[in-house]
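Please keep the sequence and the model in view while reading.

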Amino acid sequence: MLKFPAVSMRHTIFIRMVVTYLAIILPILLLGLYLYNWSYRNASQDLSRATMSQLTYYLEDLNREVEWMEIQQYDLAQDTELNKIAVTWSYMDDVQRREGVNYVMQRLTSLKNSSAYISDVSVHIRTIDKSLSAMNGIDELDRGRYDFFRSVNLSKEGRLINWNNHLELSVTQSSGRMGEPPLFIVQIELDNEKLKDSLRAINAYAQSGSLLVSRKTDYALGTENSSPELIQSYLQAVEEGNLYNWELGGTRYHIDSFTSDKLGMSVATYLPEKAVKRPLTKFVVWAWLFAAASFLAVLIYSYATFKFVQKPLLVLIRSFKKMESGSLDIQIDHTRKDEFGYLYLRFNQMLSRLRMLIDQDYTRKLMMQRAELKQLQSQINPHFLYNSFFILSALAKQGDVTRIEEFSGMLGEYFRFITRNGEDNVRLAEETRHSRMYTEIQKMRFSRRIQVQFGELPKDMEELRVPRLILQPLIENAYEHCLEKQAEDGELRVSFEQEEQEIRLIVEDNGNGLTDEAIEALRQRLNQNGGSHEITGMSNIHRRIQLIYGEDSGLLLDRSALNGLRVMIRIRLTGGESLV
């Protein structure tokens, strides 16, 4: 047995002790450093998150109050008695005037008492030269207020108007005559003291303060800590876009603000940064100690992590990225015997297995597509077949050799197309020609009671390769399940639509008796196997189109403008157009 020198063993033990020590103490050191940086950097952010919720709720609550006031204000402006006073005052006797004024005063008092934010509600009536106020009673018309509020541009000033640093709501009642002043103005004055009380409620600290400002109207209101100099400094910082570095008299402030576009106002809370940092001052010394003590440990840990974890992991990540880009023929060459060696081995085995499964799935889908095509080809409708022979028999009895030749040629081309075992995909022009030929054959039977409108295929769509037998079976379904049952006025319409990344083939009929519930049932059964011959054929076409062009393509069922069934073949050109 080999014996290691004692010094070597001591070194080994020492290294293990250091590693163990670092493994125990390093998380604590890192946590201390992280907590210091995180606390110092994010204390203000935590305060902001809590404050922003309050500010948002504050303005939303204030907006709800203002909306309530506006509703009541407009309701008062439309009051019949108030409008009667404004218009017919000169025709009223003293009793009617007194009753009308008393009624309006009751409305004003009721409106004032409906919200704690309302200081006074006034109506300035030009036609009687009076101002009625819930607080001041009846007085001579306040011409200054009347002229000011009638000239206010609400689209410029906003909903809330500044009058002597009081917020006002105003609505005018027009006389209906061009150029004539309003009959009266309804004015609501908000109570600054109540607004201050609400601002005090959102102050989280004794040193903090709150502001309610409107830059549009130069309105500003603050709590007791908000001196005029401070308000002016705040407005200047807002104007300069420098709120994050707001400083006044050598004191920097942490500030949070929220603006309501509906009110056109902003609310802000401010707190000296010293108050924000005060809980962290005792942590500074410990943080530096943690940082210094862990510096060496971080270097060792980082190097070990990079060498033994990060580099092997990067090799695996690069291999996964190559696989995501579609490269499946990569292998990780390695000689490792550790956990990463196991992962590398399993990664190589996974790629081999994935290539095999993709090959199997691709082959299976091709076989499924061809099998479904064979199924469609084998579904020659015997009803159509013997009716065709009856038509030939009738033409032979009539001795119409020309039509017999034409009809026989069309039948031959029809059966040659659906029974040939050549390529699975054909040009859309061929598929359309076959479908048109089918409708020509059916015209021999139903020329008098079924009208066919077969649209022209756009030139740009002719060369597109599509699965064989996707259009004609839908036309056949329309004949078999709808049009044959109609005694007269049957109508079939085939049309084509084209967009940049999508083409649509549409088959419509005017078959009656198809309810919305029946159409919905057809939609639900479209993706199911089995069912009636009609839905089985459509499901077959639907699956084959999706197999080639993706899940966004397929059949869409809806009610036709002709009041029958509308079947649309949608083909998304994101890969299927390259079929050959």
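In which helix do R200 and D197 both lie, and how many residues apart are they? Both lie in helix α6 (residues 192-200), 3 residues apart, which is about one turn of the helix.

## Basis of the report

This is a predicted model, in which local features need pLDDT of at least 70, side-chain atom pairs count only at pLDDT 80 or more, and totals for chains, interfaces and linings use all residues. Residues are numbered from 1 along each chain as its sequence is written, and side-chain values use heavy atoms, with hydrogens and water left out.

Helices (H or I, at least four residues) and strands (E, at least two) are DSSP runs, numbered from the N terminus.

## Salt bridges

The whole structure contains 25 salt bridges, each defined as a side-chain nitrogen of Lys or Arg within 4 Å of a carboxyl oxygen of Asp or Glu. One of them joins R200 to D197, with the closest N and O atoms 2.2 Å apart. Accessibility is classed as buried (under 20% relative accessible area), exposed (over 50%) or partly exposed (in between), with a 1.4 Å probe and protein chains only. R200 is partly exposed at 29%, and D197 is partly exposed at 38%.

R126 and E180 form another salt bridge, at 3.4 Å from N to O. R126 lies in the loop between β1 (118-125) and β2 (130-133) and E180 in the loop between β5 (166-173) and β6 (184-190), so this pair ties together parts that are 54 residues apart in sequence.

A salt bridge of 3.0 Å, N to O, links R504 and E499. R504 is buried, with 11% relative accessibility, while E499 is partly exposed at 45%. Both belong to a network of salt bridges that links E497, E499, E502, R504 and R572.

## Aromatic pairs

There are 8 aromatic pairs in the whole structure. Rings of Phe, Tyr and Trp (its six-membered ring) pair if their centres lie within 6.5 Å; planes under 30 degrees apart are stacked, over 60 edge-to-face and the rest tilted. F148 and F149 form an edge-to-face pair, 5.1 Å centre to centre with 85° between the planes. The pair of F454 and F496 is tilted, because the planes stand at 50°, with the ring centres 6.3 Å apart. F454 lies in strand β13 (residues 450-454) and F496 in strand β15; both residues are buried.

## Positive phi angles

Most residues other than glycine have a negative phi. L469, not a glycine, has a positive phi of about 60° and is buried at 2% relative accessibility.
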